[in-house]
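Please open the structure in your viewer and keep the selection tool at hand.

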Amino acid sequence: MSQHFELRCRECHTNWKNQPISFCQSCYAPLEVTYDLGRIGKEVSRHEIARRPPNLWRYKELLPLPEEYDASLPVGFTPLVTASNLGELFQSKSLYLKNDSACFPTLSFKDRVVAVALTQARNFGFDIVSCSSTGNLANAVAAQAARGGFKACVFIPADLESAKILGTEVYGAKIVRIAANYDQVNRLCSQIADKHRWGFVNVNLRPYYAEGSKTVGYEIAEQLGWRLPDNVVVPMAGGSLITKIHKAFKELIKLGWVAPKNVRFFGAQATGCSPISTAVKAGRTEIEPQKPSTIARSLAIGNPADGFYAAKTIAASGGWAEDTSDPEIVEGITLLAESEGIFTETAGGVTVAAARKLFAQGRISPQETTVLCITGNGLKTTDALAGKFEASEPIPPKLSAFEEYLERDLVPAQAVGGAR
Ligand SMILES: *Cc1c(COP(=O)(O)O)cnc(C)c1O
Ligand SMILES: [Zn+2]
């Protein structure tokens with residue numbers, strides 16, 4: 001290896017150096033970035049990393065970055081917060097939230113994958129960057145392309161939430177709405193990538209993109225004081241994030257930066273699009289594609305690219321997967337907001353609602369340390385809460401009117417709130 005990383009086939013283990021491809025050219029299995037960890041362990045220590053600025057570039061040796069890259073955007077290093085109120089409700093003694101609803105710059109964990117992918121897009125000489133997206137990825141590509149001076153053109157299913165469409169167009173990106181679901185959009189993007197020299201972050205740059213997700217895992221370990229949790233609960237769309245958090249923990253153990261531990265991985269999906277959790281529950285790793293129908297649009301991938309590896313990771317760790325109905329997703333959103341003051345999007349609602357089931361089923365032990373990955377921001381999916389909160393009648397600016405209001409509305413409302 002001339003560089004400290006290169007692409008390797010996940011099945012036949014052929015090395016493919018560094019190039020914009022995502023499949024093995026001999027056996028068609030997906031490629032993954034592999035590192036010379038022996039060399040990295042000699043070049044950098046966790047103490048040195050801990051002294052660097054608080055963003056994902058602090059893990060540069062463990063990311064597939066070219067020699068020259070722009071590290072000026074402080075992406076990542078989101079808060080890991082204790083969740084004692086939610087913990088009490090779940091009867092968990094040690095519950096944490098990894099809060100990527102506060103990720104810079106576009107309020108979801110997709111900022112991480114794009115930050116890494118665009119360094120390689122530049123390295124490979126792409127002028128136009130693109131993606132197929134369920135919403136958050138389009139936001140992240142559009143914002144970082146604007147700053148980096150790339151042209152951006154993204155492809156989405158036509159029925160995405162309006163905030164996610166607006167939150168792409170505002171950066172000057174071209175948005176192509178396709179009258180189809182994500183899986184068909186993705187197939188089209190593969191065909192375009194074969195024909196045009198565009199850098200599709202999650203198609204021909206996918207192995208590099210996926211490595212960005214590892215930083216969620218590095219941060220969880222570092223923020224726990226270089227310690228691994230016992231359990232993590234992770235929302236799944238394509239199934240990449242959950243496998244990359246697993247890869248991150250494995251690398252940290254190999255480097256000797258954390259004590260070895262068998263972390264259990266728990267996956268969360270919406271019932272209306274649950275190809276991975278269905279496989280896990282049936283004890284298989286082969287994924288049967290589904291036609292998505294759920295308010296959790298960001299997770300609505302019916303034929304997940306990394307579904308097989310996600311199911312395998314979960315099963316091998318001794319974890320489990322759960323899925324949640326649309327009403328349960330809305331409950332998950334409001335439960336997190338009311339208990340911990342964090343407003344997450346539908347994907348976060350899925351994670352919270354699934355975690356609630358996993359604790360109730362006794363699949364996660366209350367004594368163990370558990371981290372829920374909150375991956376996106378609620379302000380992008382307010383549609384999911386439509387009709388949930390009705391606007392009250394305005395009152396005149398008079399003390400007497402307020403006193404009346406207090407008697408009539410506020411006191412009974414408080415009583416209801418207190419009884420929850
Ligand atoms: C994309 C996305 C996920 C899932 O990511 P995969 O790596 O595709 O499994 C989870 N949460 C949010 C908010 C997302 O946008
Ligand atoms: Zn191969």
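Begin by selecting ligand 1 and the 16 residues around it, among which Lys110, Gly238, Gly239, Leu241 and Thr375 come nearest; a residue is near a molecule if one of its heavy atoms lies within 4 Å of it. This is a predicted model, in which local features need pLDDT of at least 70 and side-chain atom pairs pLDDT 80 or more, while totals for chains, interfaces and linings use all residues. Residues are numbered from 1 along each chain as written, chains are lettered from A and ligands numbered from 1 in the order written, and side-chain values use heavy atoms, without hydrogens and water.

The shell around ligand 1 holds seven nonpolar, seven polar and two charged residues. Here Ala, Val, Leu, Ile, Met, Phe, Trp, Tyr, Cys and Pro count as nonpolar, Asp, Glu, Lys and Arg as charged, and the others, Gly among them, as polar.

Next, select Asn136: a polar side-chain atom of Asn136 lies 2.9 Å from an oxygen atom of ligand 1. At Gly239, a polar backbone atom is 2.8 Å from an oxygen atom of the ligand. At Leu241, a backbone N or O atom lies 2.8 Å from an oxygen atom of ligand 1. Taken alone, ligand 1 exposes 380 Å², and the protein buries 97% of that (accessible areas by the Shrake-Rupley method with a 1.4 Å probe).

**Helix H10 and a pocket**

Now select helix H10 (240-255), which gives seven residues, the most of any element, to the lining of the second largest pocket. Helices are DSSP runs of H or I with at least four residues, numbered from the N terminus.

Conventions
Helix = DSSP H or I, 4+ residues; strand = E, 2+ residues; numbered from the N terminus. Polar contact = N/O pair within 3.5 Å; in protein donor to acceptor, adjacent residues only side chain to side chain.
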